[in-house]
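Colleague: I am new to this structure. Please show me how to read its features.

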Amino acid sequence: DAWDHFDSFAAYDAFTKAWLAEARRILKPDGSLWVIGSYHNIFRVGASLQDLGYWILNDIIWRKANPMPNFKGTRFTNAHETLIWASKSEKAKYTFNYRAMKNLNDELQMRSDWVMPICGGQERLKRNGSKAHPTQKPEALLYRIMLATTNPGDVILDPFFGTGTTGAVAKRLGREWIGCEKEDSYCEVAEQRIAEALPLDESSLKTMQSPKSKPRVAFGTLVETGYLKPGDELCSKNRKFKVKVRADGSIIWDGQEGSIHKIGAAVQDAPSCNGWTYWHYSDGKSLKPIDNLRQTYLLATEP
């Protein structure tokens, strides 16, 4: 769209350095910055970040589970975007909820390649039958970023707010937010969207702190993508044991917190447990194993 057109690389670089400098000016010493882009611009952004004194902590590859094909067949399919996570300086302290990320990933350390579908279905916002925004990001992506590097009550600034994905997810996760957007049509969509977003119960926002033939799906992925919601109740098939889902994909029972597998083993006093088949959810009519949701997710995200 017109807002994404620049006369030259020099003009783009000047614009990028200007907003990154302002972002660094207002960034708290223990805050951090995330920026996302494709091969068209992310390398220039990365260089500007380093020139301005930011310290790059990670580059994250968002690998799209269902990318748009290259219809002309003249290049590889563009199946990923790159996110850069940076602190204010090399020695700056920053928030990283390591344990929450491990919970979200079924007790495995979260890697720097994230597989998520592009925004689609009911989540894709439309106006008059067309996409409300050409590059709307999936809420699951912002959910993971905020859960990883912010805490409830933190203030998140999005200087390119678009249709308000950042604001909607921040509201759900109990974070404060500020959005800047110059396109009136995007603002209207964002305001309506955020007004309809429901914040999570405070107890569900608590996260654990730090002390293959088919694609692997972490339980936390179902929470990120809305198949299950923080605060939802799971139970054993005989309904003897009940637990609640939390924002980072952990569950809690009798004061113990952990993954679906760890808590499943604990309630049975067993050495191990397959949480996917042990824990059940209600579809309003009957109990079903949460593995059903995993299979539904896999079908929905098949390339």
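Modeller: Start with two helices. Phe9, Tyr12, Asp13, Thr16, Lys17 and Leu20 in H1 meet Arg44, Val45, Ser48, Leu49 and Asp51 in H2. Contact means heavy atoms within 4.5 Å. The residues of this contact divide into five nonpolar, two polar and four charged. This is a predicted model: local features need pLDDT of at least 70, side-chain atom pairs count only at pLDDT 80 or more, and totals for chains, interfaces and linings use all residues. Residues are numbered from 1 along each chain as its sequence is written, and side-chain values use heavy atoms, with hydrogens and water left out.

Colleague: At what angle do the axes of H1 and H2 cross?

Modeller: Two packed helices are described by the angle between their axes and the distance between the axes. Here the axes of H1 (residues 9–26) and H2 (residues 42–51) cross at roughly 45 degrees and come within 10 Å. That makes H1 oblique to H2. Oblique covers what is left after under 35 degrees (roughly parallel), over 145 (roughly antiparallel) and 65 to 115 (roughly perpendicular).

Colleague: Is Lys64 buried or exposed?

Modeller: Buried means under 20% relative accessible area, exposed over 50%, partly exposed in between (1.4 Å probe, protein chains only). Lys64 has 16% relative accessibility, so it counts as buried. Lys64 lies in strand E2, residues 55–64.

Colleague: Which residues does Lys64 touch?

Modeller: Leaving out residues up to four places away in sequence, Lys64 touches Ala79, His80, Glu81, Met116 and Ile118.

Colleague: How many residues of helix H4 are buried?

Modeller: In H4 (residues 139–149), 11 of the 11 residues are buried, so the helix is largely enclosed by the rest of the structure.

Terms used: Helix = DSSP H or I, 4+ residues; strand = E, 2+ residues; numbered from the N terminus. Axes fitted to C-alpha atoms, helices over the stretch in contact; angles between N-to-C directions. Nonpolar A, V, L, I, M, F, W, Y, C, P; charged D, E, K, R; others polar.
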